[in-house]
Amino acid sequence: MEVESPDVLVSEEFVESQTLAPAEIYARVFRQMRPRTPVPLITVKFLRYANASAKIKLEAGEMEVRIADTLAGAPDSVMEALAEILLSKLFRRPVPAHSNLRYRQYLNRRDVRRNLDLIRQIRGRKQVEDSQGNCFNLDQIFEQLNFEYFHGLMARPILGWSPNASRTLLGHYDPSHNAIVLSRILDRPGTPRVAVEYVLFHEMLHLRYPAEHRGARRCVHTRAFKDAEKQFGRLREAQEALRRL
Ligand SMILES: [Zn+2]
C-alpha cells in the first residue's frame, strides 16, 4: 500500500505489460546484430541478486543470460533494451544510446526504485520470516483476517516487517517472493491494531485479486479489489488511524 498524500491512501498503479519470453527477446536482438550467425541455444535465468544486475556469456554455442530476479517483472521494452546492452558488450560493440537510456529510465522510475530498496532491505537481513514485531505478530493477524474474510483458505505467504519505518510505503506484496512486508512504522505501541489489520488486509487482497491486463496496461487495484476492500469492518477507523501516523 502506497501513500501519496495524507488524503490518498491507496493509489492506482499501472505498469506496462510483458508478453514475450525473455529468451525470445535475446534471440531477436541476436539476429539483428549477427544476421548471418545461427542463433545459439539461449537460456535466461533470473537469480536472487540484491541489486539490479545482469551477466551474459557465450560458450560452445550456448548463451547464458543471468538477470537479477528484481527485473523479472520489467516490461518487454526494458528487457529488449537490456538485451541490446548485454549483447553489445558481448560483441564488443558500442552500446546504443537509446538502449542505455531506456534501461536507466526504468531503473530510475520511482516505483521501481522503491521496490528495489525494499527487496534490498529484506534480503540484507538474516531472517526474512520475521513476522513477530515489537508490538504486533503478523502471523496472528494474518490468520485472524484469513478466518474473517477469506474463509481461512488463503495460504500464508512470507510475512515480515521492513527494517525502515517508511511513511509512504506502508505495505508491499512481492509476488515473485510471495512475501508481504509491512512498514515498521506501524509496529509501534501507539498504533491501533486496526490500522495494522487494514494494511495487511489490503496486501492480502493483492494475493486474492491478481493484476488485470487492459490492453498494454496492468491494473493493480481492480474493481473487484476495491469492492472487496470496502468489506473491511472498521474501514473509517483504520484510515483515520493511518492518517495520524
Ligand atoms: Zn495496493
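A residue counts as buried when its relative accessible area is under 20%, as exposed when it is over 50%, and as partly exposed in between (1.4 Å probe, protein chains only). What you're looking at is a predicted model, where local features need pLDDT of at least 70, side-chain atom pairs count only at pLDDT 80 or more, and totals for chains, interfaces and linings use all residues. Residues are numbered from 1 along each chain as its sequence is written, and side-chain values use heavy atoms, with hydrogens and water left out.

**The overall picture**

- The chain has 8 helices and 9 strands; these are DSSP runs numbered from the N terminus, with helices being H or I of at least four residues and strands E of at least two.
- Take the contacts (heavy atoms within 4.5 Å) between residues at least 6 apart in sequence: 56% of them join residues at least 24 apart.
- The accessible surface comes to about 13200 Å², and 50% of that belongs to carbon and sulfur atoms; such areas come from the Shrake-Rupley method with a 1.4 Å probe, and for residues only the protein chains shown count as cover.

**The zinc site**

- Three histidines hold the zinc ion, each through NE2: His-202, His-206 and His-221, at 2.1 to 2.2 Å.
- Donors here are N, O and S atoms within 2.8 Å of the metal (3.2 Å for Na, K and Ca); water is not among the atoms, so sites may look incomplete.
- Along the chain, the zinc donors are spaced as H-x3-H-x14-H.
- His-202 sits in helix 6 (residues 193-208) and His-221 in the loop between strand 9 (217-219) and helix 7 (223-229), so this pair ties together parts 19 residues apart in sequence.
- His-202 is buried at 0% relative accessibility, and His-221 is buried too, at 3%.
- Thr-222 is in that loop between strand 9 and helix 7, and counts as buried at 2%.
- Leaving aside neighbours within four places in sequence, Thr-222 touches Tyr-209, Pro-210 and Glu-212.

**Aromatic rings**

- The whole structure has 6 aromatic pairs. Rings of Phe, Tyr and Trp (its six-membered ring) pair if their centres lie within 6.5 Å; planes under 30 degrees apart are stacked, over 60 edge-to-face, and the rest tilted.
- One of the pairs is Phe-150 with Phe-201, tilted at 45 degrees between the planes and 5.9 Å centre to centre.
- That pair spans 51 residues, with Phe-150 in the loop between helix 5 (138-149) and strand 5 (158-161) and Phe-201 in helix 6.
- Tyr-198 and Phe-232 make a tilted pair as well, 5.4 Å centre to centre with 50 degrees between the planes.
- Ring pairs join Tyr-149, Phe-150, Tyr-198, Phe-201 and Phe-232 into a cluster.

**Charges over rings**

- The charged end of Arg-34 sits over the ring of Phe-91, 4.0 Å from its centre; this takes NZ of Lys or CZ of Arg within 6 Å of the ring centre and within 35 degrees of the ring normal.
- Arg-208 does likewise with Tyr-209, its charged end sitting over the ring at 4.6 Å from the centre.
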